[in-house]
Amino acid sequence: MRRDDLDRVQAVRAAGRPVAIATWLAGGRQVVWEPAMAGLDTAVVAEIERAVDDDVSRTVTVGGEEIFLHVFSPPLRLIVVGAVHIAQPLARMAVLAGYGVTLVDPRRSFADAQRFPDVTVSTDWPDDALETLAPDRRTAVVTLTHDPKIDDPALAVALRSPAFYIGALGSRRTHANRLQRLGALGFDAGAMARIHGPVGLDIGALSPAEIALSIMAQITQVRRLAKAACEAA
Amino acid sequence: MGEGKLTRIPDDDVLGRAAAWRREGRDVALATVIGTWGSSPRPVGSQLAVDGTGAFVGSVSGGCIEGAVVREALAAIGDGRQRTLEFGVSNEQAWEVGLACGGTVRVYVERLT
């Protein structure tokens, strides 16, 4: 690989855009692909676009030639609403798992950036913050405050977005009340079924770190096992 | 979003390390998993960067074939040619570099020029 190609790939990745490297295994020819790129065989472009859309690197055969398509997708995103205790281990675990993490809490005394290294902190109101962040299908949203004033507006924006995961901390009873309030806002049962509540896999988690682990495990499960179902929705 | 649109690339980013090594003037080769069959520890796209002394970052397996891949990477640094390697239980070197999990892995090795 040429160093200028590598530098270009890194620059595009740092800008948060998708990029792919196509390598012809016989001969070693290499092309760095970006969306809407011109001058490349259309059959190869079609294969690259499919791989990028699937978010999977793979070796394909085009015109009898083997080509390895190395896909670099932008990092997955996690939006955490509520700078509560659980948010600290959750943010750290998510960063380790490769997520870009944004923490939203309008209560400035909570959202102290020093408590959250490697995390973007927003003190906007959750509906404004989430509208700006625009969750896409590579985004997970988790609310942690229990406070309807803060959690509900965030969940409403998340439900109108294609976020691949939505989770809300709270007991069964808290969650039932929450669903009633969201129902009053016009969300039907099918839409609200996207919310994982009580949040996280049931592993008997007690401490903040354990609860964060159960949430991160559930996000991973949804991402890896139910990806096809989410993307079809 | 505070620091503009820049996305933080993880510290364990193998390509970033490879680029940094090259900037320092080190010889560098990249090994990339381009295919897997059966169970295999690292998915397609996993990478290993090797410098001219044999130091490496990243992984292409759970440690079963790294030694052999590093040898081939040093050879690629030496002759400048890319190569495609295949490892699996059917490999005649299985005793030396076989995958305990019983899968097969294809690895592309190239020099970073």
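How many aromatic pairs does a search of the whole structure find over all chains? The search finds zero, where rings of Phe, Tyr and Trp (its six-membered ring) pair if their centres lie within 6.5 Å. The structure is a predicted model, in which local features need pLDDT of at least 70, side-chain atom pairs count only at pLDDT 80 or more, and totals for chains, interfaces and linings use all residues. Residues are numbered from 1 along each chain as its sequence is written, chains are lettered from A and ligands numbered from 1 in the order in which they are written, and side-chain values use heavy atoms, with hydrogens and water left out.

**View 1. Helix 1 of chain A crosses helix 1 of chain B.** Helices (H or I, at least four residues) and strands (E, at least two) are DSSP runs, numbered from the N terminus. The axes of helix 1 (residues 3-14) of chain A and helix 1 (residues 14-23) of chain B come within 10 Å and cross at roughly 135°; axes are lines fitted to C-alpha atoms, for helices over the stretch in contact, and angles run from 0 to 180 degrees between N-to-C directions. Helix 1 of chain A is therefore oblique to helix 1 of chain B, since angles under 35 degrees count as roughly parallel, over 145 as roughly antiparallel, 65 to 115 as roughly perpendicular and the rest as oblique. The crossing is left-handed (the near helix is turned anticlockwise from the far one by less than a right angle; clockwise is right-handed). Residues in contact (heavy atoms within 4.5 Å) include Leu6(A) and Val9(A) from chain A, and Ala18(B) and Ala19(B) from chain B. By class, this contact has five nonpolar, two polar and five charged residues; Ala, Val, Leu, Ile, Met, Phe, Trp, Tyr, Cys and Pro count as nonpolar, Asp, Glu, Lys and Arg as charged, and the others, Gly among them, as polar.

**View 2. Helix 4 of chain A meets helix 5 of chain A.** The axes of helix 4 (residues 126-133) and helix 5 (residues 148-159) of chain A come within 8 Å and cross at roughly 25°. These two helices of chain A are therefore roughly parallel to each other, and their crossing is right-handed. Pro126(A), Asp127(A), Leu130(A) and Glu131(A) of helix 4 meet residues of helix 5 that include Ile150(A) and Val157(A). The contact comprises seven nonpolar, no polar and two charged residues.

**View 3. Helix 5 of chain A passes helix 6 of chain A.** The axes of helix 5 and helix 6 (residues 172-184) of chain A come within 11 Å and cross at roughly 60°. Helix 5 of chain A is thus oblique to helix 6 of chain A, in a right-handed crossing. Among the contact residues are Asp151(A) and Asp152(A) of helix 5, with Arg178(A) and Arg181(A) of helix 6. By class there are four nonpolar, no polar and four charged residues.

**View 4. Arginines lie over phenylalanine rings in chain A.** Arg107(A) lies over the face of Phe110(A), 3.9 Å from the ring centre. The charged end of Arg223(A) sits over the ring of Phe164(A), 5.9 Å from its centre. A charge sits over a ring if NZ of Lys or CZ of Arg is within 6 Å of the ring centre and within 35 degrees of the ring normal.

View 5. Pro198(A) lies in the loop between strand 10 (195-196) and helix 8 (208-225) of chain A.

Methods
Rings of Phe, Tyr and Trp (its six-membered ring) pair if their centres lie within 6.5 Å; planes under 30 degrees apart count as stacked, over 60 as edge-to-face and the rest as tilted.
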